[in-house]
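Subject: Structure handover

Hello,

Here is the structure you asked to look at. Please open it first and keep it beside these notes while you read.

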Amino acid sequence: MTDSENAVQDAGFDEWLDAAEDGDAYYLECPNEHGSLPPRRVCPDCGATDLEEVPLPATGEIETFTVTHVPTPAFEDDAPYATAIANFGPVRITGQVVDVDLEAIEPGLTVEIEISVSETTGERVLSFSPA
Amino acid sequence: MSDVRVAGVGLTSFGNTPERTSRDLFGDATIEAFADSGVPRDDVEALLYGNFMGELSEHQGHQGPLMAEAAGIRAPATRYESACASSGVAIRDAVKRIRNGEEDVLLVGGAERMTNLGTAGATEALAIAADDLWEVRAGTTFPGAYALMAQAYFSEFGGEHEDLAHIAVKNHENALTNEKAQYQRAIDVDDVLEAPQVSSPLGLYDSCPISDGAAALVLTSEDYAAEHDLDAPVAITGTGQGGDRMALHDREHLARSPAAREAGEEAYAEAGIDASDVDVAEVHDCFTIAEVLAIEALDLEPIGEGISAARDGRTTADGETPINLSGGLKAKGHPVGATGASQIAEVSKLLAGTHPNSDHVADATTGVAHNAGGTVASATVHVLEVVA
Ligand SMILES: [Zn+2]
């Protein structure tokens, strides 16, 4: 995989990363106010099909995290790195935790979305940094 | 509705045999299963076969017919893929087909070749059981996902790594008599706590190994077993399957397995039992925390208390409800596609009195096998009972 101009995009996901890079991260909301992440045509909770892009709350809170020492090849040079699930209210998101001492990560830490780059592949990585 | 009899079971040794193809492994397991069952190959009406990573590890899709050939049967064959629950779902389908009277004799099983990929390759292959866009690309590995659940469990219910270590110690102890287990070596709590970290809080000894192996079962209808005077005292009397959202972060609870609970409730109801009837269980302990979540989901422990079950001796070989007397995935090994079928084989032998650890459950009549896929976005549960 490369991040070159020629690489095939994943519709919905790559656009989301583009938006997040510009500080405009969003989630999808159905008429019943269920939140979910793109790409998605149907609300997984209720089956509604009219989904709207709504700005993601600026900050989330780490619910759980891990420091991975044995990575997949795509993150070989990045290890050890922290991965967390952060709660942004309408949706939870999985991302790497960057710009912080790995020892300082704990549940309850307030974070914001940051798009970082894998040291191994140069690919964009959905990340969180302390808010 | 016909009972479904476990007529014969076959297992290869689980372990590190990178040179063995999965057709070789599965063929081996079926030889044992047919010999154990006394059922002629010609009577088999279909093969239901579980495999997860065959495209990545062997560049091999369309494994159903290949494995029928390997087993020496001429019958329609289908591959089932549901991550680590692949052969669990195959068994569930087989049970339903026999019950419905569609078929009387089925060969069910699974195999996985993993060690030829190396640690990094196998880690990558296992990771594809998670959501590629939202989990894998953020660096989530299979151990990493379970580590997120372990940390969430500690935050919600308490407990610490040392509690988990007792699970690994117990399962290694149980495997000492299992000649086909990958590890037949006792470990202690310090070994677990001092092992290299894989994904905190989980270390090397909290994790099941990367394994090669195969398992095969010959399942028959009750009528066929009676007509052919088979020695098949154990029946599968309940089957259940549950599902959940793919990505861990989309689940309502990060430290529970609702899919396994759903599967367990369905299987218990079909068998007409409840958790208090369960004498022995094989559960999907791909990581130590997974055993905790499994026994809570199966109601063998209250929510939030499963963490202390091994430490306090409730699930050890001489405890109230021994869990993973085979050694579990942790010590027996976890060739992904073979795991669900191997669990049914172990429970069946434990109940029939033919398992090296049967003495620990001499009066057991009811056993349960729990097989989970991914971070438990899929789960199957089967109830086995002594009926003859
Ligand atoms: Zn909805």
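Two strands count as paired if DSSP finds at least two bridges between them. With that in mind, A:Gly60 stands opposite A:Val111 of strand E7 in chain A. Please note that this is a predicted model.

Strands of chain A

Strand E1 (residues 26-29) of chain A runs antiparallel to E3(A) and is joined to E3(A) by four bridges. A:Glu29 is found opposite A:Glu52 of E3(A).

An annotation

An unreviewed UniProt entry places the annotation "domain: ChsH2 C-terminal OB-fold" on residues 53-114 of chain A.

Two domains in chain A

Chain A is divided into domain 1 (8-56) and domain 2 (57-131). Their centres, taken over C-alpha atoms, are separated by 20 Å. How many residues of each domain are in contact with the other? Twelve residues of domain 1 of chain A are in contact with eleven residues of domain 2 of chain A.

These two domains bury about 1000 Å² between them, and carbon and sulfur atoms give 72% of that area. On the side of domain 1 of chain A, 50% of the area buried against domain 2 of chain A is supplied by A:Leu17, A:Glu21 and A:Leu56, more than by any other three residues.

Three salt bridges are found across the interface of domain 1 and domain 2 of chain A. A salt bridge also joins the side chains of A:Arg124 and A:Asp18, at 2.8 Å from N to O. Helix H1 (13-21) and strand E2 (35-36) of chain A each supply at least two residues of the side of domain 1 that touches domain 2. H1(A) gives the largest share of that side, six residues.

Chain A against chain B

Which chain gives how many residues to the contact between chain A and chain B? Chain B gives 31 residues and chain A gives 33 residues. The area buried between chain B and chain A is about 2700 Å², with 59% of it on carbon and sulfur atoms.

Two salt bridges are found across the interface of chain B and chain A. A:Asp45 and B:Arg245 form a salt bridge in which the closest N and O atoms are 3.5 Å apart. Between chain B and chain A, 17 residue pairs are in polar contact, both residues being at pLDDT 80 or more. The side of chain B that touches chain A takes at least two residues from each of helix H5 (118-127), helix H6 (142-157) and strand E5 (197-199) of chain B. H6(B) gives the most to that side, with six residues.

Regards

Notes:
Residues numbered from 1 in each chain as written. Chains lettered and ligands numbered in written order. Predicted model: local features only at pLDDT ≥ 70, side-chain atom pairs only at ≥ 80, totals over all residues. Heavy atoms only, no water. UniProt positions renumbered as here; feature names shortened; annotations may be inferred. Domains from an automatic or database assignment. Contact = heavy atoms within 4.5 Å. Buried area = accessible area lost by both parts, 1.4 Å probe. Salt bridge = Lys/Arg side-chain N within 4 Å of Asp/Glu carboxyl O. Polar contact = N/O pair within 3.5 Å; in protein donor to acceptor, adjacent residues only side chain to side chain.
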